[in-house]
Amino acid sequence: MQAERAAELSKADLLTAMVGEFPQLQGVMGRYYALHDGEPREVADAIEQHYRPRFAGDKLPEGPIASAVALADKLDSLAALFSIKELPTGEKDPFGLRRAALGVIRIVAENQLPLSLKDLVDGAFGPFRGKPQTDLKVFFTERMRSYFLERGYSANEVEAVLSLNPVAIALIPKQLEAVRAFSALPEAASLAAANKRIANILRQAEAQGVTFGDTDVSAFKEPAEISLFEALQTASHSARPLFDSGDFAGYLKTFASLKSPVDLFFDAVMVMADDKKLRENRLALLTDMRKAMNRFSDISKLAA
């Protein structure tokens with residue numbers, strides 16, 4: 001494979017006198033040497049471009065071969081150094097690991113590559129079996145947070161998406177745009193506050209050891225809870241195909257219709273009722289609502 005050949009030759013020019021004298025030519029000379037020796041142009045280009053992006057705003061590697069070698073090089077460096085605890089500290093980053101992680105994020109996100117963070121990290125740690133990977137995953141999340149903040153998204157928007165540990169990096173920009181579009185709706189503030197309230201109620205119920213099953217509409221007593229149940233069923237039915245088609249903005253906007261029934265529910269219904277079955281059923285309803293609305297972003301973070 002050309003990607004394997006490019007990877008095999010990617011560091012060969014580091015042993016030459018030219019690069020020894022002019023280190024800034026690493027990769028550039030490798031490309032010329034490869035072309036001189038009759039290597040395919042795609043291999044030669046990948047040798048030069050696998051260092052990209054070298055700095056903030058630099059061009060990305062072009063094409064699948066160069067991108068593959070660039071990702072492999074950066075991920076290998078990250079996994080190797082994290083496996084021996086050579087992590088950046090404060091302002092010190094002698095091995096350029098922040099730049100390497102940002103490069104991975106940019107290559108995947110901006111080229112819309114269908115790669116998950118988990119698969120990338122798992123693959124990188126292949127030669128370092130048994131080494132903890134959590135630190136690197138957290139490191140990537142922090143770099144993604146900085147990257148998307150620099151692209152103009154608010155801290156709340158970024159936290160809403162990243163707090164759910166998204167799998168597909170390439171989908172994050174689209175999900176952030178969806179959260180931004182939802183935030184602009186007149187119903188957004190109320191629903192974000194409701195989601196925060198629901199999260200607190202469910203957290204307290206869990207701390208008290210309360211368990212419950214699926215929502216049972218026949219167990220409801222108050223018109224307000226029946227109304228919320230029916231509105232949630234209708235919205236979820238309409239939203240599901242939008243999510244499946246990747247229309248994240250449309251998915252979230254569908255739940256704007258829940259504002260009035262949610263407001264009415266909290267005005268008229270006591271969730272933690274004395275009746276055990278009623279209490280558990282109301283908690284199940286709130287759980288259903290939270291799962292539906294927060295499928296790819298935690299809307300409660302918009303109320304932070």
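1. Among the contacts in the chain with a separation of 6 or more, 64% join residues 24 or more positions apart. The model discussed here is predicted.

2. The secondary structure consists of 15 helices and zero strands. Two of these helices, H3 and H10, are taken up below through one residue each: Tyr33 in H3 and Lys174 in H10.

3. On overall dimensions, the radius of gyration is 25 Å, whereas a compact globule of 304 residues would have a value near 19 Å. Along the principal axes, the C-alpha atoms fill a box of roughly 80 × 35 × 35 Å.

4. As to burial, 46% of the 304 residues count as buried. The chain exposes about 15,600 Å², and 54% of that area is supplied by carbon and sulfur atoms.

5. A nonpolar patch on the surface is formed by Met18, Phe22 and Tyr33, which together have about 250 Å² of accessible area. Tyr33 belongs to helix H3, which spans residues 28–36. Tyr33 counts as partly exposed because its relative accessibility is 31%, and partly exposed covers the range between the 20% limit for buried and the 50% limit for exposed.

6. Lys174 lies in helix H10, which covers residues 172–183. With a relative accessible area of 45%, Lys174 is also partly exposed. Leaving aside residues up to four places away in sequence, Lys174 touches Gly246 and Phe248. The C-alpha atoms of Lys174 and Ala249 are separated by 8.2 Å, although these two residues are 75 residues apart along the chain.

How values were computed. Residues are numbered from 1 along each chain as its sequence is written. This is a predicted model: local features need pLDDT of at least 70, side-chain atom pairs count only at pLDDT 80 or more; totals for chains, interfaces and linings use all residues. Side-chain values use heavy atoms; hydrogens and water are left out. Patches are made of residues with over 30% relative accessible area and no salt bridge: like charges are joined within 9 Å, nonpolar side chains (Val, Leu, Ile, Met, Phe, Trp, Tyr) within 5 Å. Accessible areas come from the Shrake-Rupley method with a 1.4 Å probe; for residues, only the protein chains shown count as cover. A salt bridge is a side-chain nitrogen of Lys or Arg within 4 Å of a carboxyl oxygen of Asp or Glu. Helices (H or I, at least four residues) and strands (E, at least two) are DSSP runs, numbered from the N terminus. Buried means under 20% relative accessible area, exposed over 50%, partly exposed in between (1.4 Å probe, protein chains only). The radius of gyration is taken over C-alpha atoms; the globule rule is 2.2 Å times the number of residues to the power 0.38. Contact means heavy atoms within 4.5 Å.
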